[in-house]
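Welcome! Please take a moment to look over the sequence and the fold before reading on.

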Amino acid sequence: MTPEPHALPASSAAPPSWRDRLLAWRHGLIASPRFQRFAAAFPLTRPTAQRNARALFDLCAGFVYAQVLAASLRLDLFRILADGPMTAEDLSRRLDLPPDRALCLLRAAASLGLLTALRDGRFALGDLGAALIGNSSVAAMVAHHAMLYDDLRDPVGLLRGTTGPTTLSGYWAYAGTDDPAAIGEAAVAPYGALMGASQALVARDILDAYPLARHAHLLEIGGGEGAFAVEAARSAPDLRVTLFDLPPVAARAARRFAEAGLADRAATLGGSFHDGLPRGADVASLVRVVHDHDDAPALALMKSARAALEPGGTLLVAEPMAGTPGAEPVGDAYFGFYLLAMGSGRPRTATELTGMLREAGFKQVRECRTRRPMLVRLLVATASRAAVHVESVKQT
């Protein structure tokens with residue numbers, strides 16, 4: 001599947017402005033090795049030069065840093081240290097690594113803030129390592145990155161679309177088929193579990209930003225195996241929940257609802273949103289779903305949600321967004337290339353999503369602040385009171 005192109009700004013033949021010329025002069029100066037040596041030595045520019053040099057090196061070494069984290073998680077290093085500091089020798093035995101290689105990992109993890117090297121030579125958890133102990137969803141994503149890294153071996157080929165089918169497009173089976181509803185359970189099990197883990201990571205942030213107790217019936221669209229639906233039902237004891245997803249995914253969610261003791265007020269329905277969504281809910285949610293789709297099917301999904309809601313109903317769109325202040329690389333770099341490798345979708349800004357929601361028939365759109373906008377932002381769209389009927393169009 002080739003993602004539909006996103007329109008670029010029209011080129012302009014206007015002569016460069018004074019700001020353009022000033023920027024070009026500045027970049028030419030920064031590119032000069034002679035200036036770089038001067039900036040690194042001059043007291044007033046030295047701090048900036050050092051920060052920039054470190055930032056550039058971190059960009060070059062980012063893959064190595066990620067693999068230090070992956071090795072630490074695979075060896076269960078953080079749980080081993082949960083009970084207290086240990087010597088490198090003891091850790092070498094616990095990790096089943098030669099002493100010199102265990103020390104290499106421990107020092108690397110300490111340099112990244114995952115561990116703390118104590119003065120007596122022992123190693124303890126760092127703040128980042130401690131935070132990972134209770135966060136299985138991060139560990140699942142780190143393990144999953146092996147496929148992403150495989151697809152990024154030739155980033156230029158990926159950008160040009162010349163690398164052929166990607167590993168991720170095979171993993172996210174629905175992204176590479178014209179008939180998602182026909183996918184079997186064996187194909188959805190791996191990504192269903194991963195999607196559930198990613199939803200669990202942000203569920204409480206969404207529900208804290210927008211409590212659902214005011215609503216009677218939630219339609220969770222593309223809800224995976226029900227991680228968000230379970231949290232939503234628990235947060236609002238009178239809320240009924242209907243989860244809609246591909247048939248084999250919905251079947252797995254139904255089992256999860258039963259295990260959570262929610263089968264009496266949480267139901268599932270399998271199908272494809274291209275064929276329409278179940279009607280009657282007063283609130284619907286799209287949690288990390290819209291950015292998985294190209295513009296045309298994403299807009300069709302929003303229109304289907306609008307048609308399914310009661311007049312005056314509410315749609316929640318929750319996902320990491322492009323252009324998030326202070327977290328621009330998360331949306332634009334990480335998710336931009338991840339979705340490119342997946343073969344479907346793109347990260348969008350809150351402004352882009354707001355425009356799409358209004359085009360889909362939602363009258364009011366506002367953003368509710370979440371605790372960690374780097375991971376998830378939340379748009380709340382309210383439909384007009386007039387009922388609408390949108391004809392379902394089969395996407396091919």
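Predicted model: local features only at pLDDT ≥ 70, side-chain atom pairs only at ≥ 80, totals over all residues.

Which residues lie nearest the centre of the largest pocket?

## The largest pocket

L69, V142, H145, Y149 and Y334 lie nearest the centre of the largest pocket, out of 50 residues that line it. The space inside comes to about 1,900 Å³.

Sorted by class, the lining holds 38 nonpolar, seven polar and five charged residues.

Now for the protein's interior. In soluble globular proteins, nonpolar side chains tend to be buried together. Here the largest nonpolar core has 31 residues, and the members that touch the most others are I206, L212, L218, F228 and L378. Two or more residues each come from α11 (185-209), α12 (227-235), β4 (240-245), α13 (247-259), β6 (283-287), β7 (314-319) and β9 (377-383). Helix α11 makes the largest contribution to this core, six residues.

Leaving aside residues up to four places away in sequence, L378 touches I206, A209, Y210, L316, V317, A318, M321, R366, E367, C368 and T370. A separate core of 30 residues lies apart from the largest one, and its members include A284, L301, L315 and L379.

## Helix α13

How far apart are the end C-alpha atoms of α13? They are 19 Å apart, which agrees with the 18 Å that the 13 residues of α13 should span at 1.5 Å a residue. The buried residues of this helix are P248, V249, A250, A253 and F257. An α-helix has 3.6 residues a turn, so residues three or four places apart point the same way. Just after α13 comes G261, with a positive phi of about 75 degrees.

Most residues other than glycine have a negative phi. D76 has a positive phi, near 60 degrees, and sits in the loop between α3 and α4 (77-80). R288 also has a positive phi, near 55 degrees, and belongs to the loop between β6 and α14 (295-308).

Are these two residues buried or exposed, or in between? D76 counts as partly exposed because its relative accessibility is 37%. R288 has a relative accessibility of 13%, so it counts as buried, the cut-off being under 20%.

Note on methods: Residues numbered from 1 in each chain as written. Heavy atoms only, no water. Core = buried A, V, L, I, M, F, W, Y, C linked by side-chain atoms within 4.5 Å. Buried < 20%, exposed > 50% of the residue type's maximum accessible area, 1.4 Å probe, protein only. Helix = DSSP H or I, 4+ residues; strand = E, 2+ residues; numbered from the N terminus. Contact = heavy atoms within 4.5 Å. Expected span 1.5 Å × (residues − 1). 1 Å grid on protein atoms, 1.4 Å probe; cavity = no way out; pocket = protein on both sides within 12 Å on 5 of 7 lines; lining within 4 Å. Points joined across faces, edges and corners; volume = space filled by probe spheres on them. Nonpolar A, V, L, I, M, F, W, Y, C, P; charged D, E, K, R; others polar.
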